[in-house]
Amino acid sequence: MAIERTLTIIKPDAVAGKLTGRIVERLERENFRIIAAKLVHLTQSQAEGFYAVHRERPFFSSLTKYMTEGPVLVMVLEAEDAIRRLRTVMGATDPAQAAEGTIRKQYGRSIERNVVHGSDAPETARFEIGYFFNALEIA
Ligand code: GDP
């Protein structure tokens, strides 16, 4: 399996709720290497640009408003099979459906307030990493 990069976001309510340390610790324990990180308070248009693929979905406006309600921690993670593995560690979109031991099962509050984002494919990972970081910001 190849070494991959993926983008993760610790969502606003998780940052506000001081879950950042626990989630970062879990990701490092799962052998992801943090190669870029920043705290960002997204504007509405930045959130809409990030989630542009979802603009036709009924929850788009609620999702983008939620993502702007406070700072988020955005990170690039590097690991073998990182994209698929991060999705496994995160768990299903809806915390109620997520497997035991996943981050969303442990900390998620609803299908929207599900604590973390993770890129879902190599092309999306490339787009999402480039959305937040330039080459100089990735160690
Ligand atoms: P993900 O790849 O597991 O994050 O899920 P999606 O790409 O399908 O959705 C993006 C984000 O939109 C999710 O992480 C949730 O925060 C939110 N979301 C997804 N489905 C729903 C829904 O049915 N209702 C609401 N309110 N939010 C949703």
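Four strands build an open sheet, in the order β2-β3-β1-β4, with antiparallel pairing. Strands here are DSSP E runs of at least two residues, and helices are H or I runs of at least four, numbered from the N terminus. Two strands pair if DSSP finds at least two bridges between them. β2 and β4 are the edge strands, each pairing on one side only. From one strand to the next, the twist averages 20 degrees.

This is a predicted model, where local features need pLDDT of at least 70, side-chain atom pairs count only at pLDDT 80 or more, and totals for chains, interfaces and linings use all residues. Residues are numbered from 1 along each chain as its sequence is written, and side-chain values use heavy atoms, without hydrogens and water.

β1 and β3 are antiparallel partners over 8 bridges. Isoleucine 3 stands opposite glutamate 80 in β3. Helix α7 packs on the sheet and touches β1, β2, β3 and β4 (contact: heavy atoms within 4.5 Å). The direction of α7 makes about 55 degrees with that of β1. Such angles run from 0 to 180 degrees between N-to-C directions, with axes fitted to C-alpha atoms, for helices over the stretch in contact.

| Element | Residues |
|---|---|
| β1 | residues 3-10 |
| β2 | residues 33-40 |
| β3 | residues 72-80 |
| β4 | residues 116-118 |
| α7 | residues 122-132 |
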